[in-house]
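Trainee: I've got a model open and I'd like to learn how to read it. Can we go through it feature by feature?

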Amino acid sequence: MKLNPLLIGIAAALLVGCNSDKDNNDTTAPVVTPDPDPVVKVDIPAFSEGNTLQANVRWTTYGVPHITAANLESLAFGAGFAYAKDYACLLMDQIIKVRGERSKHYGPDKVAGSGDSQHLISDFGYKALGVNEFALQHYDELNEDSRAHYEGFVQGFNKYVTDTGVENLAPECASQPWVTQLTAQDMLAYSMATVQLASSANFLELAFFANPGDSNEYLPVPMSGAPSAVSSITNNIAQQAAQFKLEKKYKHLGSNGWGLGKDMMAAMAKEDYSLIHTFLMREICGFGSLI
């Protein structure tokens, strides 16, 4: 009997394909992924012992602060000092705004002499929000970590302002009467006001123009000084109230976020760069342009 070479080849191929793994010469061991090391929770003290605050602040050549400390209060102390070095005038202006004191220091108008009464309206609006009273009443209800952050931050901030001297601050606020010492309650009130920028802050003007009666009860009343100046402000406000239309503000707002690709991370590691994105400096202090 003569065998067909083609059939023999097919049969051989089938036999090879049906061989089990034991018949293969591949002896590669299976990859075993080890269990990850258990996460060890490190308890970081909230407050320093004996109210002695110590922080090590190292600035890179690009001006980025790296802060190390033994507890949260001291860490915030370093953050407050570093923040004030760059943004003391900005934050103090924002605190004055939230306190409702811009008219006291800057006059009633945002554009001096324009009659826009924006500082007056802003002051009334933030007082209507009641963030300062709420902060004073409820500060002690914050947890220990939050209080350590606030209290450490204002101590660091105030230290920088005191050590530098009012006259040596940035030109925007050097020797200005509104240079102020911050309190932890100031920062809580500012935090509350900041998170309302896209909500309640849209209604500051409406709160000011709202009339509880049928006449001009909402308008300023001269208590002393120059009644003619108050009369001019009153007339301007009455005109603005008649033309007021509610519009949504701060449409551009969004949350902070970082998106870093592997190439950027590799480059940063190679050059020994770092990015610091702390809650205090970005969310609490909200540095950026003045609002």
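Trainee: Let me start with one side chain I clicked on. Which residues does L91 touch, not counting residues up to four places away in sequence?

Mentor: One thing to keep in mind as we go: this is a predicted model. As for your residue, L91 touches Y83, F153, F157, L182, M187 and Y190, once residues up to four places away in sequence are set aside.

Trainee: Now the helices themselves. How do I describe two that pack together?

Mentor: In general, two packed helices are described by the angle between their axes and the distance between the axes. Take α2 and α6: their axes come within 6 Å and cross at roughly 50°. That angle makes α2 oblique to α6. The crossing itself, α2 passing α6, is right-handed.

Trainee: What kinds of residues make up the contact of α2 with α6?

Mentor: They divide into 15 nonpolar, five polar and six charged.

Trainee: And α6 with α7, at what angle do their axes cross?

Mentor: At roughly 115°, with the axes of α6 (residues 144–164) and α7 (residues 184–194) coming within 8 Å. These two helices are therefore roughly perpendicular to each other. Here too you'd call the crossing right-handed, as α6 passes α7. On the α6 side the contact is made by Y150, E151, F153 and V154, and on the α7 side by A184, M187, L188 and S191. Sort those residues by type and you get six nonpolar, one polar and one charged.

Trainee: Can we zoom out? How many helices and strands does the protein have?

Mentor: There are 11 helices and two strands. Reading from the N terminus, the elements run α-β-β-α-α-α-α-α-α-α-α-α-α. Of the 291 residues, 33% count as buried. Look at contacts with a separation of 6 or more as well: residues 24 or more positions apart account for 66% of them.

Trainee: Back to the details, then. What should I look for in backbone angles?

Mentor: Most residues other than glycine have a negative phi, and most peptide bonds are trans. Here N51 has a positive phi of about 55°, although N51 is not a glycine. S117 also has a positive phi, near 55°, and is a residue other than glycine.

Trainee: Where do N51 and S117 lie?

Mentor: N51 is in the loop between α1 (5–17) and β1 (55–59). S117 is in the loop between α3 (102–106) and α4 (118–129). Check accessibility as well: N51 is exposed, at 55% relative accessible area, whereas S117 is buried, at 1%.

Trainee: One more loop residue. Which residues is N71 in contact with, leaving aside its neighbours within four places in sequence?

Mentor: N71 is in contact with I44, P45, A46, F47 and S48. You'll find N71 in the loop between β2 (65–69) and α2, and at 10% relative accessibility N71 counts as buried. The C-alpha atoms of N71 and I44 are separated by 5.8 Å, with the two residues 27 apart along the chain.

Conventions:
Residues numbered from 1 in each chain as written. Predicted model: local features only at pLDDT ≥ 70, side-chain atom pairs only at ≥ 80, totals over all residues. Heavy atoms only, no water. Helix = DSSP H or I, 4+ residues; strand = E, 2+ residues; numbered from the N terminus. Buried < 20%, exposed > 50% of the residue type's maximum accessible area, 1.4 Å probe, protein only. Axes fitted to C-alpha atoms, helices over the stretch in contact; angles between N-to-C directions. Parallel < 35°, antiparallel > 145°, perpendicular 65-115°, else oblique. Left-handed = near helix turned anticlockwise from the far one by under 90°. Contact = heavy atoms within 4.5 Å. Nonpolar A, V, L, I, M, F, W, Y, C, P; charged D, E, K, R; others polar.
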